[in-house]
Amino acid sequence: MTEQLGAKTTAEEVLAGIDLTGKRFLVTGISAGIGLETARALVAKGATVIGAVRDLARAEAATAAVRDAASQGGGKLALVEIDLASLRSVRACADELLTDGKPFDAIIANAGVMATPFEKTVDGFELQFAANYLGHFALITRIERLLADNARVVILSSQAHRVADVDLGDPGFERQEYEPFVAYGRSKTATSLFAVEFDRRHRERGIRATSVMPGNSMTDLARHFSPEALQGLFETVGKARAEAGLPPPELKEIPQAAATSVWAAVVADRDEIGGRYLEDCAVAPIDDTPNPFADGVKSYALDADKARQLWSLSEQWINVV
């Protein structure tokens, strides 16, 4: 089956013939886009999905299709509240899950923001770094005991990781000019490094972690771009790929963009994907060419030493607040 999967594969096709009855998944950010489709595909196969969302009222309305799929496929959906940009909210959500005490077969850290104007969170962190990376770090490390043996942790990264490595000395842009897309790239490199170190720490229990490039798709993630800016970005990407002799970029439909997350959480060989970066339902090759819009993963996003440093600093950051 693996040989048939690729960029055009949908989440539903990934799960063809699979019964997820009795399996539990925690998925962040299921109110729209890729997270919504990820949840829908899982419950349609009988899974129980706990959706962690920032706005419970909005999520209740937005997940009607997920509930319909659950009723038809035998799955279940429940919601918990979390604001990943607030460590207090993250801890409250984690404690609610710990009190419930039921194990998870996989966590899919899907929620995120992109290219936001400069903003600091209530805890003093740069917003994209906090919402995309540090909030997920705080949540997953706090509830790690709920991961079943042989569970999986899937953390969404992005092709944008190629734009910038993490800056461990100035993650909050205190000593440099803020660039929204650079900040986004750094946060997505951080998510990949998180997967590397989490995988190293937990693989003895069979738990494997991986990062995922879902593919570019039209979701509300791009809401901070004006139509003109978004068109300009597409043109820049196309030109950069053409100059490198690469095929033009293609937008994925949302069911296709959800496929790699679902593949990593359910179908892929855990030993093949552990500590790796995935795209198009496959392990991505390392490609250190300077082109920020090439395919593949930059080696700095898989650097084990930097992953350990980031983990240590992250523990300090979340414990100080």
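Colleague: Where does Asp-105 sit?

Modeller: Asp-105 is in strand β4, residues 104–109; strands are DSSP E runs of at least two residues, helices are H or I runs of at least four, and both are numbered from the N terminus. Before we go on, this is a predicted model, where local features need pLDDT of at least 70, side-chain atom pairs count only at pLDDT 80 or more, and totals for chains, interfaces and linings use all residues. Residues are numbered from 1 along each chain as its sequence is written, and side-chain values use heavy atoms, with hydrogens and water left out.

Colleague: Is Asp-105 buried, exposed or partly exposed?

Modeller: Partly exposed, at a relative accessible area of 24%. Buried means under 20%, exposed means over 50%, and partly exposed is in between (1.4 Å probe, protein chains only).

Colleague: What is Asp-105 in contact with, beyond its sequence neighbours?

Modeller: Leaving out neighbours within four places in sequence, Asp-105 is in contact with Gly-22, Lys-23, Arg-24, Ala-148, Ala-151 and Arg-152. Contact here is heavy atoms within 4.5 Å.

Colleague: And how far apart are Asp-105 and Ala-130?

Modeller: They are 25 residues apart in sequence and 25 Å apart in space, C-alpha to C-alpha.

Colleague: Switching to Asn-132, which helix is that in?

Modeller: Asn-132 belongs to helix α6, residues 127–142. With 2% relative accessibility, Asn-132 counts as buried.

Colleague: Which side chain does the Asn-132 side chain make a polar contact with?

Modeller: That of Ser-187, at 3.0 Å. A polar contact is a pair of N or O atoms within 3.5 Å; within protein, one must be able to donate a hydrogen and the other to accept it, and residues adjacent in sequence count only if both atoms are side-chain atoms. Apart from neighbours within four places in sequence, Asn-132 is in contact with residues including Ala-111, Val-113, Tyr-184 and Thr-191.

Colleague: OK, salt bridges. How many are there?

Modeller: The count is 16 salt bridges, taking one as a side-chain nitrogen of Lys or Arg within 4 Å of a carboxyl oxygen of Asp or Glu. One of them joins Arg-200 and Glu-197, at 2.7 Å, N to O.

Colleague: Why are Arg-200 and Glu-197 separated by about one helical turn?

Modeller: Because they are 3 residues apart in helix α7, residues 180–202. Arg-200 is partly exposed at 39%, while Glu-197 is buried at 1%.

Colleague: Which residues are linked with Asp-199 in a network of salt bridges?

Modeller: Arg-203, Arg-208 and Asp-271. Asp-199 meets Arg-203 at 2.6 Å, N to O, and its closest N and O atoms with Arg-208 are 2.7 Å apart. Asp-199 is buried at 0%, Arg-208 is buried at 10%, and Arg-203 is partly exposed at 41%.

Colleague: Last topic: what lines the second largest pocket?

Modeller: There are 22 lining residues, with Arg-241, Glu-250, Lys-252, Asp-280 and Asp-295 nearest the centre. Elements giving two or more residues to that lining are α8 (227–243) and β7 (277–279). On a 1 Å grid over the protein atoms alone, a pocket is an open set of points where a 1.4 Å probe fits, with protein on both sides within 12 Å along at least five of seven lines, and lining residues have an atom within 4 Å of a point.
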